[in-house]
Amino acid sequence: MTATYTFDVFSSLDGFGGVSSGDWGGYWGKQGPELLDHRLALYRPEQRMVLGRTTYRMFAEMLASGSEQAVLDPWVTRMRNLPATVVSTTLVGPLDWPDATIVSGDAVDVVARLKEESAVPLRSHGSLSMNRALMAAGLVDRLQVTIFPVITGQTGDDAIFAGAADFDLELIEGRTLDGGIQELIYRPSLHASISLSDKH
């Protein structure tokens, strides 16, 4: 039996994973106790993080500087203390992460092997381009999108699904946190194109 892989991502309503400017702050300033307690509960069980190079560097820099209030939250501390696989062809160790291993190679091959070998579930937070490729390869079992009640049309960056393939999404679970944040968990599958001849 293969390990379950979850692509876990925060998003504005218009599909951006972050902001390049403005005064939004961590979680777009919308987090509350329900979200923070729920995030800690998600990360409490044993699991392995899978990160791409860019996301690993971003986390390591934020954690080292303490520049973002969110880095002090208990779930982030818990995430950082989970074992992690960092997929990169350019990084060299040691990494500023208590239990991280660099694995060089194509992310699709690395994660396919991890799914076969891991005794615990796999989770990736962020790592957008890597996870788009993993979704296209059919390796993402659960797409967990936490949607914050903001539109960042002027300041948003990191369009989460820009350039992704087309997918059908089966809703597995959904909840509202702190009265306005939506967490939606889907099972993604590549969308099968319908040719004109199929319509007749």
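Me: Ala, Val, Leu, Ile, Met, Phe, Trp, Tyr, Cys and Pro count as nonpolar, Asp, Glu, Lys and Arg as charged, and the others, Gly among them, as polar. How does the lining of the largest pocket divide?

Reply: This is a predicted model: local features need pLDDT of at least 70, side-chain atom pairs pLDDT 80 or more, while totals for chains, interfaces and linings use all residues. Numbering runs from 1 along each chain as written, and side-chain values use heavy atoms, without hydrogens or water. The lining holds 20 nonpolar, 17 polar and 7 charged residues.

Me: Which residues lie closest to the centre of the largest pocket?

Reply: A pocket is an open set of 1 Å grid points that fit a 1.4 Å probe, with protein on both sides within 12 Å along at least five of seven lines; lining residues have an atom within 4 Å of a point. The space here is about 1100 Å³, filled by probe spheres set on the points. Of 44 lining residues, the closest to the centre are Gly17, Thr55, Met58, Gly126 and Asp158.

Me: Which helix gives the most to that lining?

Reply: The chain has 5 helices and 10 strands (DSSP runs: H or I, at least four residues; E, at least two). Helices 2, 3, 4 and 5 are among the elements that each supply at least two lining residues. With 6 residues, the top contributor is helix 2.

Me: What share of the chain is buried?

Reply: The C-alpha atoms fill a box of roughly 60 × 40 × 30 Å along the principal axes. Buried means under 20% relative accessible area with a 1.4 Å probe. Of the 200 residues, the buried share is 42%.

Definitions and conventions:
Buried < 20%, exposed > 50% of the residue type's maximum accessible area, 1.4 Å probe, protein only.
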